[in-house]
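Reader: I am new to protein models. Please take one part of this one and walk me through it closely.

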Amino acid sequence: MRSSCSCGLGVLEMSNYSSSSSTEQIKHLGAPAAPKATTSDIRTDNEKLVVRQKINNSNSNYNRSSSAGALSEIVPAPHYQSETALKGSCDSIGIGDIREDCNEMTINGGSPSGDEGVVESPVLGNSQTSLSEERLRRKLQFFFMNPIEKWQAKRRFPYKFVVQVIKIILVTLQLCLFAHSRYMHVNYTWDNTITFSHMFLRGWDITMEVSTYPPETGPLSVYVIEDFFKTIDYAIDGYANLGEAIGPYSYPNEDNTMAPMQFCLYRYKDGTIFGFNESYVFNPEIDTLCLDLDSNVTTIGSRKYLHQKDIHINFSALVKAELSFAIKTVNFKAAGPITAPDCYQFDIQILFNNQDHDGQMTLRLEAEPKRLICHGDVEFIKNSRIDDALRSALNILVIVICAVSFALCARAIYRAQLLRMITSDFFRQVYGKDLTIEGKMEFVNMWYIMIVCNDILLIIGSALKEQIEKKHFIADDWNLCSLLLGIGNLLVWFGVLRYLGFFKTYNVVILTLKKAAPKILRFLLCALLIYAGFTFCGWLVLGPYHIKFRSLSTTSECLFSLINGDDMFATFTIMSEKSIMLWWFCRIYLYSFTSLYIYVVLSLFISVIMDAYDTIKKYYKDGFPQSDLRLFVGPYHPNDFSSGVFRDDDFDCDQRINFLESLKRIFCSWRRDSGRGPTGYTSLAPKASSSSSTGGYIS
C-alpha cells in the first residue's frame, strides 16, 4: 500500500515536470493537458517548491512517463487519487511539514481548504501500470538506438557490429583468392580451347580467336559433302598425332594409347526432298546413331569407314553430328611455392549444326574440363598440403562467422517482431487502436534481412568452394560457386551503408533513395511500357535488315545503349538500304526513341530523385514526420545514458510471449479486435467501476 501511494503522489505533480518535447506531442495529438495542482495559501511559495521537489525526487522514475498518460485523444480519462491513497502517500513520504500539506489536499475527496481551491491531478492507474508503460518506452527507445548509443546506454558490447566487420574482411579475402583461382582456371580452359580449335578444326583462323562486334568474319561452316568428311578426317588425324603438339597432352587410356573417337548422327527418321516437283517425304521423329571410330579410320578415311559400316548419311534429313574424344593434361602454371599442379581431362566435342537446312552447316568446338586427382611427386604433394590447409581454414572460418552473423541477425529480427506484438497489444489496450502501417514497418529492419540473405549465400558458396578445392566433385561447379560468393559479397558491402547511415552526411543519400524509391518504381513502370513498345516494334520491323535487332534481347540491349549515347552513328549506318521504306522508318524510329528517352524520360527521372532530395533536406531543417509509434517513444536525453535507467529496464515475466504463439502471429495473417480478452498486460486505463470512488474523470 505504501509503494502504491507513493506512486500516486508522484504522478500527482508529474504534469509540472514533463519535458517540452512531450508537451509538443500532446498538443499535436490534441489531448488536453492535465491542470496544475495547487495548495491553499497557508504555505509560502518557497515551501510549496520544496514540497514538489521532494515529491518529484521520491518518484523520479514516474516523472518520465507523465507525457504518455495524455498522449492520444482516445485515451480513457484517468481517475483521481482517493482520500485514503493520498493519505497513504503522505505517510510514505515521512516528512511532517509535507504531511500537513497533503492532509489539506485530502479534505472533501481531495479538495483543499482555502479560498483558491485546488483541481486534482490525474494519475495513470496503479504503479505497476505506470512502470510497465515506462519500461516499454525505454525498451522502444533502446530498440531505435544505433550501436554507439546502445553501448552508452547499457554498456552492451556491439556483437553484431564486430561480427560484420570481421565478416567483411574474411569474405573479401576469400573472394580475392577464389577470383584469382577462377581466373586462372577459366583462362587456362579458354587457351586450351583455342589450341584444340587449331589442332582439330579444319579452316580455323586466328581472326576467329577474338570476338569482335560487328564480327569481321562469318561463322566457320562447311557447304559441300566432301568438306564435311574432310573436316572429320582432319580432326581424326590431329587426334592421332597428339604427341606432336607443343602442349603436354595425353590420351585418356592408362597406357597412353589412342582411345576410340565417338561419332554420333542425329537424323530425321524420314526426310527426302524432291525439289524438282515440289514434294517431300518427312517424319519429324529424330533418330540417333552413335558408333566408335577405330584406329584404322585414319588409314581409309571416315567416308569409306562409314560405308563399310553400312552407314549412309542423308544430309536432307541430318539435323546435327557430333565427334567426341578426350584428352588429359597437367597444368604447371598454377604451381607455386606451396601450390601443387592441377590435372585435367578435357572432353572435346566438334559439333556440326544443320538444323536450319539452309545449305550452311556451322562448326563449333567445345572443351569441358574436369579436374582429376594428381599422382605426382610425393614430397611436393606433402608440401602442397600447407596451401590446402590454409584455404580450408579460411573457408571454415567464413562459414563459422557467417553462421554467427545469421544467428545474431535472425535473433534480432525475431525479437523485433516480439516487441512489435507487445507494442501493438499495448496500443490496443490503452489507446483503443492498433499501430499504423508506418509504425509496424519501424520494426522491420531490411538491413538485417539483407545480412541474413548474404549469410546464407556465403555459407553455401564457401561449402561448395571447399568441395571444389578438395576435388570432391566430378564436375567443377566454378560458375555456381562464383555466383553465390559474388552476390553474397555484394550484399556484404551493401550492408556497410547501414553503419554509414548513422552519420548525417552519408545518411542523406540513403534517405533520398528510400524516399524516392516508390516514385521511381511508378515512374519506371510507365517508362517500361513505352520501352517495351519500341523494343517489340524494332525487333519485328528492323530485325531482318539490322544486325543489332536480330533478336528481342539484342534489340533491348541496343535501345538501352542508345539511351546512354553508345554507338549511335553505327546504329544509323548499319541499316540495310534494300528497302527504302524501312530505311526511312529506321531513321524516324531511332530519332523518336533517342529524343524521347534522352531529353524527356531521363530528365524526369533525375527530377524525381532531386525532389526526394529536397524533401529530405527540408526534413532535416524542419523535422521528420513522426508516426504514432515515434510520438509515443518520444525523445531521450543524453543524460539518460549515464543514469542507468536503460541498464535496469527489462520486461516482466508476464510480458513474454510463447514461442509458438509468436511464430503464429508473425507469419500468419492475424487481426485482433480491441475488445478481446487480456493479453498479459495491465492496461494503463483504469476500470470504469473505479470512477465512483475517485471523484469522476476530467473531461
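Author: Start with a definition. Helices, of at least four residues, and strands, of at least two, are DSSP runs, numbered from the N terminus. By that count the chain has 26 helices and seven strands. The model is a predicted one.

The chain holds 699 residues, and 39% of them count as buried. It exposes about 38600 Å², with carbon and sulfur atoms supplying 59% of that area. Take the contacts with a separation of 6 or more: 74% of them join residues 24 or more positions apart.

H16 covers 478–494. Its length can be checked. H16 has 17 residues, so at 1.5 Å a residue it should span 24 Å. The C-alpha atoms at its ends are 24 Å apart, which agrees.

Next, look at what H16 hides. Its buried residues are Trp478, Cys481, Leu484, Leu485, Gly488, Asn489, Leu491 and Val492. What do they pack against? The partners are helix H9 (159–200), strand E7 (361–372), helix H15 (446–469) and H17.

A nonpolar surface patch of about 640 Å² is made by Leu490, Phe494, Leu497, Leu500, Phe502, Phe503 and Tyr506. H16 supplies at least two residues of this patch, and so does helix H17 (496–500).

Leu500 sits in H17. Its relative accessibility is 31%, so it counts as partly exposed. The cut-offs explain the label: buried means under 20%, exposed means over 50%, and partly exposed lies in between. Patch residues need over 30% relative accessible area, and Leu500 has 31%.

Finally, compare that with rings elsewhere in the chain. A pair of aromatic rings is described by the distance of the centres and the angle of the planes. The count comes to 31 aromatic pairs. One of them is Phe572 with Tyr591, a tilted pair: 5.1 Å centre to centre, with 45 degrees between the planes. This pair links distant parts of the chain, with Phe572 in helix H20 (residues 568–573) and Tyr591 in helix H21 (residues 580–622), 19 residues apart. Phe572 has a relative accessible area of 14%, so it is buried. Tyr591 is at 51%, so it counts as exposed.

Terms used. Residues are numbered from 1 along each chain as its sequence is written. This is a predicted model: local features need pLDDT of at least 70, side-chain atom pairs count only at pLDDT 80 or more; totals for chains, interfaces and linings use all residues. Side-chain values use heavy atoms; hydrogens and water are left out. Patches are made of residues with over 30% relative accessible area and no salt bridge: like charges are joined within 9 Å, nonpolar side chains (Val, Leu, Ile, Met, Phe, Trp, Tyr) within 5 Å. Accessible areas come from the Shrake-Rupley method with a 1.4 Å probe; for residues, only the protein chains shown count as cover. A salt bridge is a side-chain nitrogen of Lys or Arg within 4 Å of a carboxyl oxygen of Asp or Glu. Buried means under 20% relative accessible area, exposed over 50%, partly exposed in between (1.4 Å probe, protein chains only). Contact means heavy atoms within 4.5 Å. The expected span of a helix is 1.5 Å times one less than its number of residues. Rings of Phe, Tyr and Trp (its six-membered ring) pair if their centres lie within 6.5 Å; planes under 30 degrees apart count as stacked, over 60 as edge-to-face and the rest as tilted.
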